[in-house]
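Me: I have a structure to go through with you, and a few questions about it. Shall we take a look together?

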Amino acid sequence: MPDNLFQHQYRIPSARANWHGYDGGEYFVTICTQNREHYFGEIVKNNNDEPEMALTSIGRFAEEQIRNVTCHYSYAEFPLWVVMPNHIHVIVVIGNDVNCRDAINRVCVQQTNEGDAINRVSTGKTNGIGGITGNNNPMLKKCLGTVVRGLKARITKFANENNIPFAWQTRFYDHIVRNQDEMNRIAEYIENNVAKWDLDKFHNNE
């Protein structure tokens, strides 16, 4: 049987690095909307004639979820991010129960829906953790994929509950940050992303 067949069906090979566990480290992650549609807002000129991101309601919700990620995953932090019209860039730090910022520790306003994602496949039992896959459910793993999938799921849920047309691109892009110089270059790219929108490869949704 070919390597890319599972239960007689073709599967898409993982884009993740097979030598890395993704349960610790620093990553540069990009998550795109389906067909690069501008669901999160548009770049506009402010009073000083400088470009800035004007967020839609779903864009504001996405930014709120990014800001409060440690409320949902104690082992994850997003120290720097930008929400663009059709994608999100974020630096993700995965560690051992990273401490929340003081404000987040005092009050977590948003109720986590992580349990919904974990248990969305019903076992017929009221207390079945992880659905039919039990402890093997990937949403129970403390790793990069769990954090990104959870973020995408909460934003999708918000869109559905508010009847907002929305869809994600199936995958996300990640890059393992290997040293401080690389981190500095990525941070500069994120901070200048709005200003350089016209040159961005994600600008067109064609």
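Predicted model: local features only at pLDDT ≥ 70, side-chain atom pairs only at ≥ 80, totals over all residues.

Me: Which exposed residues sit on the face of H6 turned away from its buried side?

Reply: Residues are numbered from 1 along each chain as its sequence is written, and side-chain values use heavy atoms, leaving out hydrogens and water. Helices (H or I, at least four residues) and strands (E, at least two) are DSSP runs, numbered from the N terminus; buried means under 20% relative accessible area, exposed over 50% and partly exposed in between (1.4 Å probe, protein chains only). On the face of H6 away from its buried side, the exposed residues are Asp181, Arg185 and Glu191.

Me: Within what arc do the buried residues of H6 fall?

Reply: The buried residues of H6 are Glu182, Met183, Ile186, Ala187 and Ile190. They line one face of the helix, because seen down the axis of H6 (taking directions from the axis to the C-beta atoms) they fall within an arc of 135 degrees.

Me: Which strands do the buried residues of H6 pack against?

Reply: Contact here means heavy atoms within 4.5 Å. By that test, the partners of the buried H6 residues are E3, strand E6 (76-83), strand E7 (87-94) and E8.

Me: How many disulfides does a search of the whole structure find?

Reply: A disulfide is a pair of cysteine sulfur atoms within 2.5 Å. Cys32 counts as buried at 1% relative accessibility, and Cys143 is buried too, at 13%. The number of disulfides found in the whole structure is 0.
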